[in-house]
Structures are given as structure tokens and as C-alpha cells.
Amino acid sequence: MNTFQKNESKETLFSPVSIEEVPHRPPSPPKKPSTKICGSNYPLSIAFIVVNEFCERFSYYGMKAVLTLYFLYFLHWNEDTSTSIYHAFSSLCYFTPILGAAIADSWLGKFKVLSLVGLSLIALGTGGIKPCVAAFGGDQFEEKHAEERSRYFSVFYLAINAGSLISTFITPMLRGDVQCFGEDCYALAFGVPGLLMVIALVVFAMGSKMYNKPPPEGNIVAQVLKCIWFAISNRFKNRSGDIPKRQHWLDWAAEKYPKQLIMDVKALTRVLFLYIPLPMFWALLDQQGSRWTLQATRMNRNLGFFVLQPDQMQVLNPLLVLIFIPLFDLVIYRLVSKCGINFSSLRKMAVGMILACLAFAVAAAVEIKINEMAPAQPGSQEVFLQVLNLADDEMKVTMLGNENNSLLIESIKSFQKTPHYSKLYLKTKSQDFHFHLKYHNLSVYTEHSVQEQNWYSLFIREDGNSISSMMVKDTESKTTNGMTAVRFVNTLHKDVNISLSTDISLNVGEDYGVSAYRIVQRGEYPAVHCRTEDENFSLNLGLLEFGAAYLFVITNSTNQGLQAWKIEDIPANKMSIAWQLPQYALVTAAEVMFSVTGLEFSYSQAPSSMKSVLQAAWLLTVAVGNIIVLVVAQFSGLVQWAEFILFSCLLLVVCLIFSIMGYNYVPVKTEDMQGPADKQIPHIQGNMINLETKKTML
């Protein structure tokens, strides 16, 4: 008699399942008691995981901290291109976890992906590390220690930000304070994070024997996709009104797939639906390393007691995270709970979105103030012109238009310049201007050509019994990107070699030769070494400030000898970088409420067979967020403050949508996702099929 023959009783229900679709899962080996940390319920193995994460994050964030300025200063890309490539790289780093999660859950398991793939190949390794390491740490805890596991995610996030804190402080110093081949030392800034990846591999391997390594559970991604496709196609085939409806659209897969898999896919799709609005939050958060860093380049970074590099301002984020995590966990959340408010995970995430909106509103206000303090920029068919008199006596300059009308009349004393740049309007994109120069009894007419949207300096000099002029194109605008730019005019009758530092020197030709702009570090330059073919001398350039462009005219005065006349072409940055502190505080508070909560929420809502897949889906929202920034940077055409406002408004709309979705979401409890161990799907050999039983009496 066949023991498994079909029973027609109402208490019996059998669902046939094809053995080709659901691979056999080997029984899990019995868990051995894990070594605890100092008698607590925390497994010792998580210490290795947390240290590994610290080193890996040091490497990742250290490299990423200097990436935007590497594009801007070393590769000489513009701000929009630098921003786009930065976010394209970030997006790629968060797309690869989908592949890493599939490999981890399907074939190798989380441990092997971390050690063999993730830490060996850094470029692709981020896809192996990101979806596995958080979930792998959670796997080290027994179910009865759920509270300790919940706190582990906070410790895990602390490790991430400790690594980020140190790396974002040190690597910009390695870049800006160390010179390699006369330029910022990007080789060292990238090399140190690479060394930390080696340390991460060693530390992670040391704890190998202590880890609880759940075996892979088959090709989960393929099972999920096949299950969803079969449910949709089966529902489409059975759309007749005579066929009874089912409670959930995935229940249409019951003819082919086991109940536990369908339950897991239901939980997965419910959370994935909730993830749809999340990318917009990451679109704002990840601009700390791009747009906010570029904003810092246009600010005064001298704090009095310390001078910051523009990419060092990012250190505020991990520093504040380390402060805010215990503050929120131990103080704010407990106070909210005592007030009788149910501050659920989804509500925390919604509040985090609102804080990020406020952060970008503050960033927009700072950007507007920076623009107000910056010099005006020449528009279409406009140029800016200043006139410098290098003669020994007063010079009268008259600029004539095409109809001989006077456009500019200035009397300029010896070694003086016009008080400010004069805006000139052109009739075409390029135009010739005529100048009348009157000096003592000499009267000279000269002509110079200019092109729109440029800055120019007209140098007038005396040459014996004659006077002459030359038009020089200045730095185009405040495009020194927060750096200090200098150039020289040599009035001597011999070439001058100027050593601005051990690695930076330039030659200026004789008889009013003009050098190109050179970028130097901000600071005091009391004795710059100079030499000609027959003598050495020093020039006092004084304090060179952030964002300024200076012109130095080298002269030989009878009374004072060789000296440099200092002219500020472009004024220095006036707004202090400390004004970025409020926006960093707001966005970091938003990150703590959104990201830390999201990590725990993703793990708690993930079916046991798909934790890495759901973690990767969480990281995928980060990738999509970076793509949003890339698209806006390339195609919006907005000025920077307007772009900040756009992002703030978009996230506010998304927050409203997410709040409605979260209000209707019912969190899944752990016991609802995990069936008891004695309810394994029996695997029958031969021609017999797997059977899933429900209320079955045998």
C-alpha cells in the first residue's frame, strides 16, 4: 500500500512540486557553541568581522574622499564631469552587490565571497563585501540573542564610520600636504587605502575557524525569479471567471513551488516594493563627496587653529555618526518611547528624509551667500577689463568704441591699477577696442582684440621715449577652485627663475614677460628665492589666501631694490567653511535615522534564505540614487543653489509617498518567516515527487 496516496478528507491537502524546480537542500550541521566575548552573548567571531569592516571601509572611503578633487585638479575635468564620474563609480560599487549576493546565497556562501572574491579584487570585491558582511555578522548570533544582534548593527555601523572618520581625515592630508613630482600626492593617498585592504584580508582570515558559516541554499535568485514568473503566467492562463480567486497573486505558484518558498518571496516582494522611493535619499546623502566638497573649495578653510583641505570637511560625517548613534540609541529613542510614541523603523526613516531635505535647503542658502561674495561673472558678449600702469609717472587711458565714443577714461598713477574690473559690452562674440594712451607729451593709439566671457588686463609700460601696451588674458573667473593662483610680470632686462617651493619653479622672460598662472598652497611666502643669470635675490609675496589669483610685478626700484608689486586679480574666498557645519549635522542625523535603521529593518524582514539578496537590494537603492545625481548633474543645467533646492523638494515629495506606503506596511515577525525545523520538505528519490503537507493525517 502506498503510504503517500491521496486522502480525500477535508483535513488533508497535498500540493505536487516538481523535483526539477526545487533543488535538494542538505541538512544543516548542528551548531557548535560559539565562543563569547568576555562572558557576554556576543560571539567572538564578530570582533574579526567588525575589525575587517573597519579596514575595508578605511580603504573605500579614503580613496573616495579624494576622488572628486583628483578628477578636478589632476585630470582637469570640469565640476559637472567630476561629479558625474564620481557618482557613476559609486553607483557601480552599489550595483555589483546584486551579483555578490547571488553568488553568496547560491554557491559559495557569505564567508567565501568575503575572503576569496571581495578582498582579493577590490574593484569587483565591493559587490562581494557589501551584501554579505552585515548579514554574515548577523548569522553569528543565535535566535535567542535577537537583542544583541540588533545592537550589533549599531556597532557594525560604528566600525564603518570609524574607518571613514580616520581615512577622510588622513588621506586628504596625504594628498594635499605631501608633494609628489611637484603636485598633490595622489599616489600616496590611494596607496595607503590599498594597504588597509591587505590588512582587512588578514584579519578576516584569522577568525575563519570561529565563524558560523551557514551553507548556501541553492540558486535563490533563480528560484525567486522562476517562482514570480510562474505565478504571473499561471494567473494569466487561469483568468477565467469560473476559477476561484486566490488570496495573493503569488499563491498562483502553489502548483509548482513549496509553500515556504512562496512565503519567502511574498516577504521579499513586500519589502522591495517599500524600497522604491529610497534612492532619492541616497541621491542627497552621497553628494557630500561631490557637490558639497566642490562647495568647500569656494570657501575660506582657515579655522584659525587649523587649515582644512576641502575634501577633509567630509570627516564631519563619520565623526558626527560616532556621536549621534549612541545619542539616538541611548537618549533620544528612549525619551520618545517614554512619551508613549511608537517610533517604528519606518517612521525613523521618514524623519531621516525630512532632515536630509533641511540639510540641502541649508546647503542652498550657503551657496547663495558664496555667490553673493564672489565677483560677478562676464556673461554673453561681455568682458571684464582692468588697466595697470607700469610706467614711472601718471598715465591717462581712454578706450574708444567703434564710433569713437569714449567707453572708459581713467588717469592711473605709476604702478597702480584701475580700482576694479570694468564691464565692457561687445556687439559680437569678439571685438577690437581702440585705446588712446597719453603720457607726458606722448600720445599713442593702440588696438587690442577681446573675446566674450573673459577677463583681461591691459599692461601699459614706458620704453625710453615711447609707450606701449599689451593685453593679457586673466584667469577666466574664480576657476582656481579654491586653490591659490599666482603669475608674474618681469620688468627686468633679464630672465628670472622663481622657486615657489621645492617642486614648483617657473621662468619669466625679460622685458615685461608674463608667466602663466601657477597653483600654490595657501600660506605665507616671506622669502621666495629668485635668480637671474648673475645674481640671487628673494621676494616677499606675503600671505596668499584661498581662492585668490595674484599678479606680481617684479621691479627694480632705485631706493628699495628688487621687489614685487602685489595685485589681487581675483579676491580670496571670504565665507568660512564652518558654515557647512549645520548642513553636515542635519544630513548625518538623517543618515543615522535612515541608514542604521534600514540595515536592521532589512535583516529583520528578510527571509532566512534571502538575507543577502535583500541586503543587496538595499544597496541597489544607493546605486540608483547615484544615477539620479549623475543625470541631474549632466542634464539639468541649473546653477548650484537651484540644484540643491531641486533635490530637497524631490526628496520631500518622495518622503510623503514613503510615509503613505509605510503606514500600510505590516512588519513581518521572525516566527512568521521561519518554519520549525521538523517541517522540512521531504525529498523522495526515484519517480516520486516532493509533497508539501498541511493539516495532513497519515
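Student: Is His76 buried or exposed?
Tutor: One thing before that: this is a predicted model. The cut-off for calling a residue exposed is a relative accessible area over 50%. His76 has 62%, so the residue is exposed. As for its place in the chain, His76 sits in the loop between α2 (67-74) and α3 (79-95).

Student: What is the phi of His76?
Tutor: Positive, about 60 degrees, although His76 is not a glycine. Phe415 also goes on that list: its phi is positive too, at about 50 degrees, and again the residue is not a glycine.

Student: And where is Phe415 found?
Tutor: In the loop between β6 (406-412) and β7 (416-417). Phe415 has a relative accessible area of 23%, so the label here is partly exposed.

Student: Let's zoom out. How many helices and strands does the chain have?
Tutor: The secondary structure comes to 18 helices and 24 strands. Of the 698 residues in the chain, 51% are buried. Now take contacts between residues at least 6 apart in sequence: 71% of them join residues at least 24 apart.

Student: How do I read a pair of packed helices?
Tutor: You describe two packed helices by the angle between their axes and the distance between those axes.

Student: Which residues make the contact between α1 and α8?
Tutor: On the α1 side they include Phe48, Ile49, Val51, Cys55 and Phe58, and on the α8 side Phe190, Leu196, Met197, Ile199 and Val203 are among them. Sorted by class, the contact of α1 with α8 has 16 nonpolar, 4 polar and 1 charged residues.

Student: What does Ser167 contact, leaving aside its neighbours within four places in sequence?
Tutor: Arg57, Phe58, Tyr61, Gly62 and Pro172. Ser167 belongs to helix α7 (residues 146-176). With a relative accessibility of 0%, Ser167 counts as buried.

Student: At what angle do α13 and α15 pack?
Tutor: Helix α13 (residues 316-338) and helix α15 (residues 581-605) pack at about 60 degrees, and their axes are 9 Å apart. These two helices, α13 and α15, are therefore oblique to each other. Their crossing, that of α13 and α15, is right-handed.

Student: Which residues meet there, between α13 and α15?
Tutor: From α13, the set includes Leu316, Leu320, Phe324, Phe328 and Tyr333; from α15, Leu581, Tyr584, Val592, Met593 and Val596 are among the partners. By class, the contact of α13 with α15 has 14 nonpolar, 3 polar and 1 charged residues.

Student: What about aromatic rings? How do I read a pair?
Tutor: A pair of aromatic rings is described by the distance of the centres and the angle of the planes. A search of the whole structure finds 23 aromatic pairs. Take Trp282 and Trp618: the ring centres are 5.8 Å apart and the planes stand at 90 degrees, so this pair is edge-to-face. Trp282 lies in helix α11 (residues 279-285) and Trp618 in helix α16 (residues 611-635), so the pair ties together parts that are 336 residues apart in sequence.

Student: Are Trp282 and Trp618 buried or exposed?
Tutor: Trp282 counts as buried at 6% relative accessibility, and Trp618 is buried with a relative accessible area of 2%. For another pair, look at Phe328 and Tyr333: centres 5.8 Å apart and planes at 75 degrees, so edge-to-face. Phe328 and Tyr333 are both buried.

Student: Which residues do ring pairs link into a cluster?
Tutor: Tyr275, Phe281, Trp282, Phe594 and Trp618.

Notes: Residues are numbered from 1 along each chain as its sequence is written. This is a predicted model: local features need pLDDT of at least 70, side-chain atom pairs count only at pLDDT 80 or more; totals for chains, interfaces and linings use all residues. Side-chain values use heavy atoms; hydrogens and water are left out. Axes are lines fitted to C-alpha atoms, for helices over the stretch in contact, and angles run from 0 to 180 degrees between N-to-C directions. Helices (H or I, at least four residues) and strands (E, at least two) are DSSP runs, numbered from the N terminus. Angles under 35 degrees count as roughly parallel, over 145 as roughly antiparallel, 65 to 115 as roughly perpendicular and the rest as oblique. A crossing is left-handed if the near helix is turned anticlockwise from the far one by less than a right angle, and right-handed if clockwise. Contact means heavy atoms within 4.5 Å. Ala, Val, Leu, Ile, Met, Phe, Trp, Tyr, Cys and Pro count as nonpolar, Asp, Glu, Lys and Arg as charged, and the others, Gly among them, as polar. Rings of Phe, Tyr and Trp (its six-membered ring) pair if their centres lie within 6.5 Å; planes under 30 degrees apart count as stacked, over 60 as edge-to-face and the rest as tilted. Buried means under 20% relative accessible area, exposed over 50%, partly exposed in between (1.4 Å probe, protein chains only).
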